[in-house]
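Okay, thanks for coming, everyone.

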Amino acid sequence: MASRGKKQIEILNAAIRVFSKCGFDGAKIEYIAKEAGIGKGTVYEYFKSKYSLFEEALKYSVDQYQLGLKQRLDQGQKLEEKILNCSRFNAQFLKHHMDF
């Protein structure tokens with residue numbers, strides 16, 4: 001069984017996929033629940049509304065971007081390597097999150 005933190009992250013990732021595909025207005029909590037493989041009521045155990053879920057998904061995405069960028073910066077020895085690592089990460093992140 002997934003821990004509370006892990007389940008919340010699974011819901012956030014499912015929400016990002018659904019919001020990306022359907023937009024805010026078209027995304028229904030039931031779609032997000034189905035994408036996460038849980039019941040609709042479970043989403044409400046973690047998030048009080050679709051708006052709060054959307055807001056948390058945005059915050060989560062920004063946090064993931066910052067974390068990934070820092071990791072890429074730490075990987076390079078020379079300035080050029082750091083810039084290249086950051087550029088590659090940025091392109092990859094945008095590719096996967098552009099619709100969101």
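**Starting from α2**

So, let's begin in α2, where Ile29, Ile32, Ala33 and Ala36 are buried. By buried I mean under 20% relative accessible area, with exposed being over 50% and partly exposed in between, using a 1.4 Å probe and protein chains only. These four end up on the same side of α2 because they cover an arc of only 100 degrees around the axis. For the arc, take the directions from the helix axis to the C-beta atoms. Just after α2 comes Gly37, which has a positive phi of about 75 degrees.

Quick housekeeping before I go on. This is a predicted model, so local features need pLDDT of at least 70, side-chain atom pairs count only at pLDDT 80 or more, and totals for chains, interfaces and linings use all residues. Residues are numbered from 1 along each chain as its sequence is written, and side-chain values use heavy atoms, with hydrogens and water left out.

On confidence: pLDDT is the predictor's own confidence in each residue, from 0 to 100. The chain averages 93, and 97% of its residues reach 70 or more. Among the elements, α2 has the highest mean at 98, while helix α5, residues 79-97, has the lowest at 92.

Now the overall layout. What elements does the chain have? Five helices and zero strands, running α-α-α-α-α from the N terminus on. Those are DSSP runs, numbered from the N terminus: helices are H or I with at least four residues, strands are E with at least two.

On dimensions, the C-alpha atoms fill a box of roughly 50 × 30 × 20 Å along the principal axes. The radius of gyration is 16 Å, whereas a compact globule of 100 residues would be near 13 Å. That radius is taken over C-alpha atoms, and the globule rule is 2.2 Å times the number of residues to the power 0.38. Of the 100 residues, 29% count as buried. The chain exposes about 6,900 Å², with carbon and sulfur atoms supplying 53% of it; that's Shrake-Rupley with a 1.4 Å probe, and for residues only the protein chains shown count as cover.

A word on contacts, meaning heavy atoms within 4.5 Å. Taking contacts with a separation of 6 or more, 55% are between residues 24 or more positions apart.

**Into the core**

Which residues touch the most other members of the largest nonpolar core? Ile11, Ile32, Val43 and Leu53, out of 19 residues. Helices α1 (4-26), α2 (29-36), α3 (40-46) and α4 (50-75) each supply at least two residues of this core, and the largest share, seven residues, comes from α1. A nonpolar core here is a set of buried Ala, Val, Leu, Ile, Met, Phe, Trp, Tyr and Cys residues joined through side-chain atoms within 4.5 Å.

Click on Val43 if you're following along. Leaving out residues up to four places away in sequence, Val43 touches Ile11, Ile29, Ala33, Ile38 and Leu53.

Then there's Ala15, in helix α1, which counts as buried because its relative accessibility is 0%.

Over in helix α4 we have Ser61. Buried or exposed? Ser61 is buried, at a relative accessible area of 8%. Not counting residues up to four places away, Ser61 touches Ile16, Phe93, His97 and Phe100.

Lys40 sits in helix α3 and is partly exposed, with a relative accessible area of 42%. Apart from neighbours within four places in sequence, Lys40 is in contact with Ile29, Glu30 and Ala33. From Lys40 to Arg72 it's 32 residues in sequence and 37 Å in space, C-alpha to C-alpha.

Lys82 is in helix α5, also partly exposed, this time at 24% relative accessible area. Beyond its neighbours within four places, Lys82 is in contact with Leu73, Asp74, Gly76 and Gln77. The C-alpha atoms of Lys82 and Gln71, eleven residues apart along the chain, are separated by 9.9 Å.

That's my tour, over to you.
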